[in-house]
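Thanks for coming. Please put the sequence and the structure up on the screen, and I will go through the chain piece by piece.

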Amino acid sequence: MREPRLVSNPLYAPSQVTPRTAEPSHFHHSLPGYAPTPLIDAPHAAQRLGVASVHVKDESARLGMPSFKVLGASWATYRVLLRHLGATREEIPTLDALAARLTNSGIRLCAATDGNHGRAVARMARLLGLSAAIIVPGDMVGERIEAIREEGATVEVIEGGYDDAIRRSAELASETTLIVSDTSWDGYVDPPGWVIDGYSTMLSEIRQQFRDAGLSAPTIVAAQIGVGAFAAAVARGFATESQARLVGVEPTQADCVTSSIEQGGVTTIPGPQLSIMAGLNCGTPSIIAWPDVSAGYQTFVTITDEQAADAMRLLASDGVVSGESGAAGLGGLLCHRDELGLGPDDSVLVISTEGATDLQNYRAIVGDAAARLDLDVHQHEGALR
Ligand SMILES: Cc1ncc(COP(=O)(O)O)c(C=O)c1O
């Protein structure tokens, strides 16, 4: 097992990061149940890090789902279907109008996933009256598979890891099976680009929430990394015009971006990746996210499962239900606090990108603390129905 490490990024060039967009925001606002997720003050985390403040963007209840991923999945699904229909956004401005145009279309949505993205695509298919085929790696926990099935999707469990699931999904593409992937590969770049754009709504909310609370911009922003789409969106939100230092965080056993930085270009690491941070278990960076991730982050760090678990417990003590991948950003700062040189002048932003998506493991890790704190670890289902 590799040790946690910190890598300074020789490719850092924040002026080259793609400017941010606000395009998907109108669409998200039109979805039933849309509301900004909370920005939470986390004094216990601030004390442990020895910084002035920690704010946590809490994505445990986003449009009726327990992770931020539905922001990207919904916008990408919308754009994929518009393109398929040859229609413009003006012609089909809402989800209801889109559903009406798709009646009896026979279209199936398909995605590979390590959990949250596929569940969100399955939800979009259900809302649009379409079927969905979701491909998952062999080691996915039963609870996450069941959550996808409950959205009405068929789930194919393949032998192998996330990268194998991606290959399988690409094989299924046809005139009527449309792939909505959050990662890209040669010749498949538009939908994962729309996924990154979709995440921009969360970044706009964060900026607004900092302004509304009279807070100055954070000096440190940590982003956990799977294929890098989320980290690319965070880079677009912060790299170009703020002073924030961006830190990318990966599991030691799924460090494809950190390894790529060390190699000077996109690299695949050997799999399967079996970290408890399931959403981060990826072997290859997304080629469409790579330019912004490699230009936007000063530093990349890796952490062990135990360090993610430590961050889950700390976030629970601040009242935030954060799953294994959700807590990884904070885990990276905790583990590498000294090397990063964090101090009392720093104000930190972390994004808890999911709630308790594996309830059994959440209970095993956070245990009695959750009950003592009266945390609501159940997903806030039902908003987007
Ligand atoms: C909860 C959670 N956080 C972070 C990520 C990382 O996102 P990306 O794969 O875009 O790097 C994922 C990906 O699935 C996730 O599920």
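I start with a definition: a residue is buried if 20 or more other C-beta atoms lie within 10 Å of its own, exposed if 12 or fewer, and partly exposed in between, with the C-beta atoms placed from the backbone. By that count Val234 is buried, because 29 other C-beta atoms lie within 10 Å.

Two notes before the rest. Residues are numbered from 1 along each chain as its sequence is written. What you see is a predicted model, in which local features need pLDDT of at least 70 and side-chain atom pairs count only at pLDDT 80 or more, while totals for chains, interfaces and linings use all residues.

The value pLDDT is the predictor's confidence in each residue, from 0 to 100. The protein chain averages 94, and 95% of the residues score at least 70. Over residues 380–385 pLDDT stays under 50. Where pLDDT is low, the predicted coordinates should not be read in detail.

Back to Val234. This residue lies in helix H9, residues 229–238. Helices (H or I, at least four residues) and strands (E, at least two) are DSSP runs, numbered from the N terminus. Which residues does Val234 contact, leaving aside its neighbours within four places in sequence? They are Leu203, Val221, Ala223 and Leu246. Contact here has a cut-off: the C-beta atoms of the two residues, placed from the backbone, lie within 7 Å. As for His29, 205 residues from Val234 along the chain, the C-alpha atoms of the two are separated by 20 Å.

Helix H9 comes up again at the ligand. A residue counts as near a molecule if its C-beta atom, placed from the backbone, lies within 6 Å of it. The ligand is surrounded by 22 residues, and the closest are Gly226, Ala229, Gly279, Thr353 and Glu354. Helix H5 (116–128) and H9 each supply at least two residues of this shell. With three residues, H9 gives the most.

Now the domains. Their bounds come from an automatic or database domain assignment. The assignment gives domain 1 (6–67 + 193–372) and domain 2 (70–187). Taken over C-alpha atoms, the centres of domain 1 and domain 2 are 24 Å apart. How many residues of domain 1 are in contact with domain 2? There are 38, and they meet 30 residues of domain 2. On the domain 1 side, H1, helix H8 (190–212) and H15 each supply at least two of the residues that touch domain 2. H8 gives the most to that side, with eight residues.

Next, the core. A nonpolar core is a set of buried Ala, Val, Leu, Ile, Met, Phe, Trp, Tyr and Cys residues joined through C-beta atoms within 7 Å. The largest one has 119 residues, of which Val121, Ile134 and Leu315 touch the most other members. This core draws at least three residues from each of domain 1 and domain 2.

Just after H15, Gly367 takes a positive phi of about 55°.

That leads to backbone angles. Most residues other than glycine have a negative phi, and most peptide bonds are trans. Leu63 is not a glycine, yet has a positive phi of about 50°. Leu63 lies in the loop between strand E3 (53–58) and helix H3 (70–85). Is Leu63 buried or exposed? Leu63 counts as buried, because it has 23 C-beta neighbours inside 10 Å. Asn104 also has a positive phi, near 55°, and sits in the loop between helix H4 (95–101) and strand E4 (108–112). Asn104 has 6 C-beta neighbours inside 10 Å, so it counts as exposed.

Last, a peptide bond. Gly271 and Pro272 are joined by a cis peptide bond, with omega about -5°. Pro272 lies in the loop between helix H10 (256–263) and helix H11 (290–296).
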